[in-house]
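Please examine the sequence and model shown here before reading the report.

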Amino acid sequence: MTDPSERSDPADGERSLPGVGLVKGLGVTLKTMTRRSATQQYPDVAPALPPRSRGVIALLAENCTVCMLCARECPDWCIYIDSHKEEVVVPGAARARQRNVLDRFDIDFSLCMYCGICIEVCPFDALYWSPEFEYAEYDIKDLLHDKEHLGEWMGTVPPPPAHDPNGEPAKEETAAARKAAIPAERPSAAPPRAGERPTAAPHRSAERPPPRPGSRPAGENATGEGPTP
Ligand code: SF4
Ligand code: SF4
């Protein structure tokens, strides 16, 4: 058994002095009491999260075409989709068309790892991030959000960020501007001025190239007769 007087640890030696711990504690208090507090008073005060925080996934069911891309690309396989086909009669069309009707769209947030791949791959803008994160449940099974529940999150999706005025225009805008400029670039025929004879349009026959040797003259039919009336 070791004799307490033989201990070489200075901390143990200090512990024996009365009031040292109290002074140290007060020193820490004095040091930190002048600093700005970093404590977040959640849930009394909601945290100021960035608008694009990954809280929960919202579904805009009208945009979903049941292409299954999101379910296929989800690394956790936590998206469950069911659908059926429906015939749509289009007036004037030769036959009825078919379209997919979404029956079930569930995301299991107990498996989701919030990677955002499903939102990235959706080609029809049917999935969005919402910054809402207060959907903890007592039962893990309740973390399976169905189509209606996912649709309710759409109200919390922030609007898209404004365009950067110094950024490049979108390719759709550029294409539309180019298309609109095409008629303006074509030379338009100026109307004749008063007293001026309008320019006669060149006769079509004048534009025709001369017949090649051995070929039939223009207007003659296969029997060698004159032009067909
Ligand atoms: S965020 Fe990732 S893990 Fe979650 S549902 Fe989408 S693809 Fe799956
Ligand atoms: S990728 Fe988009 S459109 Fe396709 S099934 Fe998923 S949510 Fe629907």
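The report covers the model, a ligand site, a strand pair and backbone geometry.

## Basis of the model

This is a predicted model, in which local features need pLDDT of at least 70, side-chain atom pairs count only at pLDDT 80 or more, and totals for chains, interfaces and linings use all residues. Residues are numbered from 1 along each chain as its sequence is written, while chains are lettered from A and ligands numbered from 1 in the order in which they are written.

## Surroundings of ligand 2

Ligand 2 is surrounded by 13 residues (C-beta atom, placed from the backbone, within 6 Å of it). Cys64, Cys67, Cys70, Cys122 and Ala126 are the closest.

## Strands β2 and β3

Strand β2 spans residues 79–88 and strand β3 residues 97–108; strands are DSSP runs of E with at least two residues, and helices are runs of H or I with at least four, numbered from the N terminus. The two strands pair in the antiparallel sense over 10 bridges (pairing requires at least two DSSP bridges). Asp82 has Arg104 of β3 as its bridge partner.

Because 1 of its 10 residues is buried, β2 lies largely in the open. A residue is buried with 20 or more other C-beta atoms within 10 Å of its own, exposed with 12 or fewer, and partly exposed in between, with C-beta atoms placed from the backbone.

## Backbone geometry

Most residues other than glycine have a negative phi, and most peptide bonds are trans. Tyr42 and Pro43 are joined by a cis peptide bond with omega of about 10 degrees.

Tyr114, in the loop between β3 and α4, has a positive phi near 60 degrees. Asp125, in the loop between α4 and β4, has a positive phi near 50 degrees.
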